[in-house]
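Colleague: I'm new to this one and could use a guided tour. Could you show me how to read its features, one at a time?

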Amino acid sequence: MLAIDTYMMFLPELLRGAGITIKVLLLSAVFAFLFAFIAGLGRVSRFWIVRFLMGALVELFRGTSLLVQMFFFFFALPAFGVELSPFAAGVLALSLNYGAYASEIVRGAILSVPGGQTEAGIALNMTRWQRMRLVILPQAFRLMLPGFGNNSIELLKGTSLVSLVTLADMTFQARILKDNYTGDQVEIFTMLLLLYFVLALPLIFGARWLEKRAAKGVAVR
């Protein structure tokens with residue numbers, strides 16, 4: 001069999017898994033960034049109890065293994081009466097883990113905004129929420145973009161772990177093909193590598209485009 005025919009034989013199964021990978025990526029990204037903003041804002045709250053609780057939550061998910069978190073949600077939660085599907089367990093673990101890392105991006109960006117901006121908001125008689133929404137966050141968001149771009153790419157790569165809780169993503173399909181076609185492992189995993197790279201390209205170029213747009217906005221002002 002020609003090499004190209006071998007690759008084409010495996011492509012449909014891997015693409016079927018790619019659909020699952022994309023769904024996991026998109027849902028996890030949405031929930032991760034929501035968690036990141038909630039936790040990041042909580043870390044700079046004026047209430048110490050909010051800062052403490054959010055800090056503890058962030059450090060819990062940053063300080064433990066993503067794979068172990070996934071196993072806990074899928075294998076251990078049923079003992080407490082909570083049973084999650086492989087898809088839900090994978091998305092939940094990815095969202096909380098990468099959201100915890102992204103929350104530090106949010107917190108760092110907010111703290112990087114010069115203090116004079118806050119003072120100007122106070123001089124204009126803005127409330128704390130108005131200062132955050134109208135003055136600080138728009139400036140901080142530009143600082144978050146490079147970190148968010150990197151976090152999104154890392155999240156894509158992290159989706160491969162959902163195969164270990166029996167979700168039929170690209171990596172799971174590649175392992176099935178490996179077991180069925182033991183002589184074609186090079187072709188199978190080369191295609192898997194290339195497919196992950198192809199999926200990462202829109203994230204890479206999208207992040208760069210957003211950074212350029214944000215930089216132009218600063219230049220115009």
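Colleague: Let me start with a single side chain: is Phe 37 buried, partly exposed or exposed?

Modeller: Keep in mind that this is a predicted model. Phe 37 has 25% relative accessibility, so it counts as partly exposed.

Colleague: And which ring does Phe 37 pair with edge-to-face?

Modeller: For ring pairs, look at the centres and at the angle between the planes; over 60 degrees counts as edge-to-face. Phe 148 is the partner here: the centres are 5.9 Å apart and the planes sit at 65°, so the pair is edge-to-face. Phe 37 is in helix α1 and Phe 148 in helix α6, so this pair ties together parts 111 residues apart in sequence. Phe 148 itself is buried, at 9% relative accessibility.

Colleague: How many aromatic pairs are there by this rule?

Modeller: The count is six. Another one is Phe 33 with Phe 148, a tilted pair with 4.8 Å centre to centre and 50° between the planes. That pair also links distant parts of the chain, with Phe 33 in helix α1 (residues 3-43) and Phe 148 in helix α6 (residues 128-158). Ring pairs join Phe 33, Phe 37 and Phe 148 into a cluster.

Colleague: On to charges. How many salt bridges does a search of the whole structure find?

Modeller: Side chains of opposite charge can pair when their charged atoms come close. The search finds six salt bridges. One of them joins Arg 16 to Glu 13, with the closest N and O atoms 2.6 Å apart. These two are three residues apart in helix α1, so about one helical turn separates them.

Colleague: What is the closest N and O distance between Arg 107 and Glu 104?

Modeller: That salt bridge has its closest N and O atoms 2.9 Å apart. Arg 107 is partly exposed at 24%, whereas Glu 104 is buried at 18%.

Colleague: Which residues does the UniProt record mark as "transmembrane region"?

Modeller: The unreviewed UniProt entry gives residues 20-41 and 188-207. In the model, residues 20-41 are 100% helix, with the end C-alpha atoms 32 Å apart. Residues 188-207 are 100% helix as well, with a distance of 29 Å between the end C-alpha atoms.

Colleague: Last one: which residues make the nonpolar surface patch?

Modeller: Phe 47, Trp 48, Ile 49, Val 50, Phe 52 and Leu 53 make a patch of about 650 Å². Ile 49 lies in helix α2 (residues 48-62) and is partly exposed at 40%.

Terms used:
Residues numbered from 1 in each chain as written. Predicted model: local features only at pLDDT ≥ 70, side-chain atom pairs only at ≥ 80, totals over all residues. Heavy atoms only, no water. UniProt positions renumbered as here; feature names shortened; annotations may be inferred. Helix = DSSP H or I, 4+ residues; strand = E, 2+ residues; numbered from the N terminus. Phe/Tyr/Trp six-rings, centres within 6.5 Å; stacked < 30°, edge-to-face > 60°. Buried < 20%, exposed > 50% of the residue type's maximum accessible area, 1.4 Å probe, protein only. Patch = residues over 30% accessible without salt bridge, like charges linked within 9 Å, V, L, I, M, F, W, Y side chains within 5 Å. Areas by Shrake-Rupley, 256 points an atom, 1.4 Å probe, with all protein chains shown as cover. Salt bridge = Lys/Arg side-chain N within 4 Å of Asp/Glu carboxyl O.
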